[in-house]
Amino acid sequence: MAKKKILLNAFNMNCVGHINHGLWTHPRDTSSQYKTLEYWTDLAKLLERGLFDGLFLADIVGVYDVYQQSVDVPLKESIQLPVNDPLLLVSAMAAVTQHLGFGLTANLTYEPPYLFARRLSTLDHLSRGRVGWNIVTGYLDSAAKAMGLDEQPEHDRRYDQADEYLEVLYKLWEGSWENDAVIEDRQQRIYARPDKVHKVRHHGEFYKVEGYHLCEPSPQRTPVLFQAGASERGLGFAGQHAECVFISGQTKAATRAQVDKVRAAAVAAGRDPEAIKVFMGITVIVAASEEEARAKHAEYLRHASAEAGVAHFSSSTGIDFSAYALDEPIQYVKSNAIQSATKHLQNNDWTRRRLLEQHALGGRYITLIGAPQQIADELESWIAETGLDGFNLARTVTPESYEDFIDLVIPELQRRGSYKTAYDHGSLRQKLFPAGTAHLPADHPGASYRHSTQDTQPTGALQHA
């Protein structure tokens, strides 16, 4: 039986410090060049050389101002501040690659769906169908206040809004233009047939939209849909909409349970449990030998900032860890932040010292250290024991960490039959789901908004009362 092929995204952000904080101070790190196109085009070419499935770009709207009730540490350590727009990077990177996908984080809470639909369709056209969208609703009060709100909407309420946001997008992406609307007939002077382009009329609780999608159908129509919510409400949303889910695991048993919940959520929504690919965030430090890898890890630790990692985690939980003494038990407080992050603190058995130890490398992802064979063993073990489909590989020292992985780990995985030796053809969706099509599958709820003459998919009304 052929081995399951590991899917792989590079996990990054349009900023200096992303996950493993403090490593921008390493003399070989180039992340402060994030403001240049060359930084990103060079990275895209490197990742395509390594046959990565995609570059997954995180993003936030707002700042991390919970720790010490200020932005002093985020500014000093560049904890995702400053941060630039991730979507504007895609055109340049797509121009220097042929296959690499782009998973783009965009917060739906603060952007009207009508204009957002055009931005994603434009990028899907320019990349020839290589775009995915990581759906987030935000969790920072600083973002809400910057956008004119007193506070962010309540956690589950944000998902109610997200459900309707997706409904509007499906109507625009899937239903406004039929597949054969564009005929580009020069003799008859008809670029698009009026009878094949339909006005969307949506009158909902959160959104009112009356208009035509401004873009003709892009290669994928709807970009590949990523999502990362691990709460009960977030899992329900993922089961309904997501094609790829990003989780953060600390043990194989807990990760297995998370993966099973994701699959069950898909089934509950009437979808195939394998219709969702599940990725876990991970950090890898590899060298030719274990001894060299341990030495590299020790070198990285001298530049990493545990405090910066804890400051980042403060905003994820909504708890100011700086208010606690080193060995004082941290009290769990229900907040409106990331519920999966606060859940880890519910036993009140964490201290600031323990958090600092966990964040020794500046972040709290599982870190694999060793020779290529050891890393490959561990990656295969995580896939086999948890049901994961792949990993989001976080950076440490840029671009060194990706170069090391590509030059040392990828060939080992390929020798074992655990990693592809060439890209499949087609869109990002077709690469991730080789048996499928460039468009959403028939059992996805977005497919129900296609016009009755499109494809052989289920049809649905474009109106919403």
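## Helix packing and aromatic pairs in a predicted model

H297 is in contact with I285, L361 and I369, leaving aside residues up to four places away in sequence. The structure described here is a predicted model. H297 belongs to helix α9, which spans residues 290-303. Its relative accessible area is 19%, and because buried means under 20%, H297 counts as buried.

**Packing of α4 and α6**

Two packed helices are described by the angle between their axes and the distance between the axes. For helix α4 (residues 113-126) and helix α6 (residues 155-175), the axes come within 10 Å and cross at roughly 55°. α4 is therefore oblique to α6. The crossing in which α4 passes α6 is right-handed.

On the α4 side, the residues that meet α6 are P113, Y114, F116, A117, L120 and S121. Their counterparts in α6 are Y165, V168, L169, L172 and W173. Sorted by class, this contact of α4 with α6 comprises 10 nonpolar residues, one polar residue and no charged residues.

**Aromatic pairs**

Across the whole structure, a search finds 17 aromatic pairs. A pair of aromatic rings is described by the distance of the centres and the angle of the planes. Two of the pairs are set out below.

| Pair | Centre to centre | Angle between planes | Arrangement |
|---|---|---|---|
| F116 and Y165 | 6.3 Å | 55° | tilted |
| W133 and W173 | 6.5 Å | 80° | edge-to-face |

The F116 and Y165 pair has its planes at 55°, so the pair is tilted. F116 lies in helix α4 and Y165 in helix α6, so the pair ties together parts that are 49 residues apart in sequence. F116 and Y165 are also among the residues through which α4 and α6 meet. Both F116 and Y165 are buried.

The pair of W133 and W173 is edge-to-face, with 80° between the planes. W133 sits in strand β4 (residues 131-136) and W173 in helix α6; the pair thus links distant parts of the chain, 40 residues apart. W133 is buried, as is W173.

Terms used: Residues are numbered from 1 along each chain as its sequence is written. This is a predicted model: local features need pLDDT of at least 70, side-chain atom pairs count only at pLDDT 80 or more; totals for chains, interfaces and linings use all residues. Side-chain values use heavy atoms; hydrogens and water are left out. Axes are lines fitted to C-alpha atoms, for helices over the stretch in contact, and angles run from 0 to 180 degrees between N-to-C directions. Helices (H or I, at least four residues) and strands (E, at least two) are DSSP runs, numbered from the N terminus. Angles under 35 degrees count as roughly parallel, over 145 as roughly antiparallel, 65 to 115 as roughly perpendicular and the rest as oblique. A crossing is left-handed if the near helix is turned anticlockwise from the far one by less than a right angle, and right-handed if clockwise. Contact means heavy atoms within 4.5 Å. Ala, Val, Leu, Ile, Met, Phe, Trp, Tyr, Cys and Pro count as nonpolar, Asp, Glu, Lys and Arg as charged, and the others, Gly among them, as polar. Buried means under 20% relative accessible area, exposed over 50%, partly exposed in between (1.4 Å probe, protein chains only). Rings of Phe, Tyr and Trp (its six-membered ring) pair if their centres lie within 6.5 Å; planes under 30 degrees apart count as stacked, over 60 as edge-to-face and the rest as tilted.
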